[in-house]
There are 2 protein chains.
Amino acid sequence: MASPEIETLTQALSRLPGLGPRSARRAVLHLIKKRETALEPLLKALGAVAETLSTCAICGNIDTSDPCAICTDPRRDARSLCVVEEVADLWALDRSRLFPGRFHILGGRLSALDGVRPEDLSIDALLRRIEAGGIEEVVLAMNATLEGQTTSHFVAERVERYPVRVTQLAHGLPVGGELDYLDEGTLAQALRARRPVA
Amino acid sequence: MASPEIETLTQALSRLPGLGPRSARRAVLHLIKKRETALEPLLKALGAVAETLSTCAICGNIDTSDPCAICTDPRRDARSLCVVEEVADLWALDRSRLFPGRFHILGGRLSALDGVRPEDLSIDALLRRIEAGGIEEVVLAMNATLEGQTTSHFVAERVERYPVRVTQLAHGLPVGGELDYLDEGTLAQALRARRPVA
């Protein structure tokens with residue numbers, strides 16, 4: 001029905017996470033009806049990103065400059081390093097603006113099922129960064145999944161040889177979490193890591 | 001946090017219908033991680049559409065050719081013309097592949113609230129198409145909303161002067177509709193338009 005160009009665009013959009021064929025079609029309709037205000041800006045923005053996209057040689061972040069904006073930011077504390085699985089995790093942590101240091105992206109998690117081995121992750125690069133000195137604390141911020149925690153333990157073992165403090169994110173009740181609705185794993189973690197009331 | 005280029009792309013994507021800031025961020029992450037398989041094809045598809053996009057001078061359809069693929073399709077019956085409000089409605093009707101004729105897009109609906117007057121819609125162009133001859137039936141396929149039906153009545157009045165059959169889509173129970181869950185307006189329409197059992 002629609003022309004091949006429009007069909008191709010619909011298919012390209014429908015492959016984005018969160019968009020299916022139906023919403024992609026709605027998005028395309030919006031784009032072709034609002035050519036000046038929607039299609040052209042998106043095309044320009046996409047072109048600009050495609051042109052400048054690069055992976056940071058230091059931390060593995062994907063940004064439009066190499067080294068990335070975080071690694072070159074002088075206001076960030078170079079003494080603490082937060083290790084995450086993916087770029088998405090870096091974005092999530094950075095949105096909270098609570099971590100003032102720099103990041104290191106492993107590029108995934110150890111997984112026997114998916115065939116991801118330690119040499120597939122940028123663990124060696126992490127160790128080289130630590131060896132280079134200047135880092136005092138390594139915060140392990142892997143996902144609280146089985147594979148994330150396996151990775152966390154593995155990285156912790158490799159990092160512990162160096163004279164740096166190794167910490168990990170606390171596990172327990174999420175803010176607003178009601179005991180009745182939480183899974184037993186979370187409750188067990190929260191109970192195990194209980195703290196004295198100040 | 002993210003570079004200005006990535007931020008601009010996120011904002012451009014988040015303005016698409018069905019995407020908010022959160023899902024736009026996920027989409028951008030997907031795009032920058034899958035550069036070859038997601039970003040480049042989308043960029044190319046978007047560029048191709050932006051380059052060829054045009055409004056059909058005959059029916060008002062937005063397509064990558066002018067006249068559009070529907071108006072130039074020789075297999076379509078030029079004798080029946082379906083009048084719709086928007087391009088989205090044409091796409092919806094055409095997806096069902098039930099209407100073998102051509103289309104005419106009004107470009108909106110009459111609306112006192114939004115200040116849309118008859119001269120803002122392509123009603124004159126519709127009348128000129130009918131005057132030119134060859135059309136035997138005009139199907140009014142406006143939305144079953146108050147404004148859609150107002151528009152339908154208005155167009156019907158203008159078209160009735162010509163020697164063509166003017167019809168409109170049937171109103172009644174949707175397929176799978178349960179009486180208990182349907183609004184009274186639909187029930188009233190279905191009852192008013194009741195037909196003898198064959």
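Me: How many helices and strands does chain A have?

Reply: Chain A has eight helices and six strands. Helices (H or I, at least four residues) and strands (E, at least two) are DSSP runs, numbered from the N terminus. Along the sequence the pattern is α-α-α-β-β-α-β-α-β-α-β-α-β-α.

Me: What should I know about the source and the numbering?

Reply: This is a predicted model: local features need pLDDT of at least 70, side-chain atom pairs count only at pLDDT 80 or more, and totals for chains, interfaces and linings use all residues. Residues are numbered from 1 along each chain as its sequence is written, chains are lettered from A and ligands numbered from 1 in the order in which they are written, and side-chain values use heavy atoms, without hydrogens and water.

Me: How does the radius of gyration of chain A stand against a compact globule?

Reply: Chain A has 21 Å, while a compact globule of 198 residues would have a value near 16 Å. The radius is taken over C-alpha atoms, and the globule rule is 2.2 Å times the number of residues to the power 0.38. The C-alpha trace of chain A spans about 65 × 45 × 35 Å along its principal axes.

Me: What makes Glu86(B) buried or exposed?

Reply: Its relative accessibility is 17%, so Glu86(B) counts as buried. The cut-offs are under 20% relative accessible area for buried, over 50% for exposed, and partly exposed in between (1.4 Å probe, protein chains only). Of the 198 residues of chain A, 42% count as buried.

Me: Where is Glu86(B), and what does Glu86(B) touch?

Reply: Glu86(B) lies in the loop between β3 (77-84) and α5 (87-95) of chain B. Not counting residues up to four places away in sequence, Glu86(B) touches Lys33(A), Ile105(B), Gly107(B), Gly108(B) and Arg109(B). Contact means heavy atoms within 4.5 Å.

Me: Why is the pair Glu86(A) and Lys33(B) called a salt bridge?

Reply: The closest N and O atoms are 3.4 Å apart. The rule asks for a side-chain nitrogen of Lys or Arg within 4 Å of a carboxyl oxygen of Asp or Glu, so the pair of Glu86(A) and Lys33(B) qualifies. The count between chain A and chain B is two salt bridges.

Me: What makes Thr64(A) a polar partner of chain B?

Reply: The side chain of Thr64(A) makes polar contacts with the side chains of Ser3(B) at 2.6 Å and Glu5(B) at 2.9 Å. A polar contact is a pair of N or O atoms within 3.5 Å; within protein, one must be able to donate a hydrogen and the other to accept it, and residues adjacent in sequence count only if both atoms are side-chain atoms. Thr64(A) is in the loop between β2 and α4 (69-72) of chain A. With a relative accessible area of 13%, Thr64(A) is buried.

Me: How is the interface sized, and what is the value?

Reply: About 4,800 Å² is buried between chain A and chain B, 75% of it on carbon and sulfur atoms. Buried area is the accessible area (1.4 Å probe) that two parts lose on being put together, summed over both. The contact takes 46 residues from chain A and 45 residues from chain B.
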